[in-house]
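Here is a short tour of one protein chain, written for a reader who likes to check values against coordinates. Please have a look at the sequence and the model first.

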Amino acid sequence: MINRVTLLGRLKGPAEFAQGADGSRYAVLTVTTWYRWTDRETGRRRSKADEHTVLTFRRDLLGYLERRATSGAAVYVEGALGSVRGASGERLAAVLVHRDGTVRLVDAAMAGAEDEAGPEHDAA
């Protein structure tokens, strides 16, 4: 079976870092993606944004993310869909970046952004 997720979006905020129960350090990113369409009834352009939680335990990425992952940065993520326990014990979906995944900060032009602030978001 295949469990692969690819995201291209923008960081909602800087990377957050935490330590697991076993002492291992990890990074948590919130990546915003969006899509656009034209409403057939009104002819108006619409867009919808989605937020995705991304976790990585890769030590080689932690320093890179500490130095470079800032709010609004364009980011490319490859990982696997998984779940993690939230603070109150509930299961939350997340993109997990393991040894075969990656997180890369990319130039805004490569990400297809229209401007530095990102797309306009109409109410969906």
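This is a predicted model: local features need pLDDT of at least 70, side-chain atom pairs count only at pLDDT 80 or more; totals for chains, interfaces and linings use all residues.

| Property of the chain | Value |
|---|---|
| Residues that count as buried, of 124 residues | 36% |
| Contacts joining residues at least 24 apart, among those between residues at least 6 apart in sequence | 62% |

Now for the hairpin. Strand 2 (residues 16-19) and strand 3 (residues 25-38) run antiparallel and are joined by four bridges. One of the pairings to look up is Phe17, whose bridge partner in strand 3 is Ala27. Five residues lie between the two strands of this hairpin, and in the turn Gly23 has a positive phi of about 90 degrees.

Next comes a residue in another strand. Ala93 sits in strand 6, which spans residues 91-97. Is Ala93 buried or exposed? Its relative accessibility is 61%, so Ala93 counts as exposed, the cut-off for that label being over 50%. Ala93 still has contacts beyond its sequence neighbours: leaving out residues up to four places away, Ala93 touches Thr53, Gly82 and Ser83. As for Leu81, it is 12 residues from Ala93 in sequence, with a C-alpha to C-alpha distance of 7.1 Å.

Key
Residues are numbered from 1 along each chain as its sequence is written. Side-chain values use heavy atoms; hydrogens and water are left out. Buried means under 20% relative accessible area, exposed over 50%, partly exposed in between (1.4 Å probe, protein chains only). Contact means heavy atoms within 4.5 Å. Two strands pair if DSSP finds at least two bridges between them.
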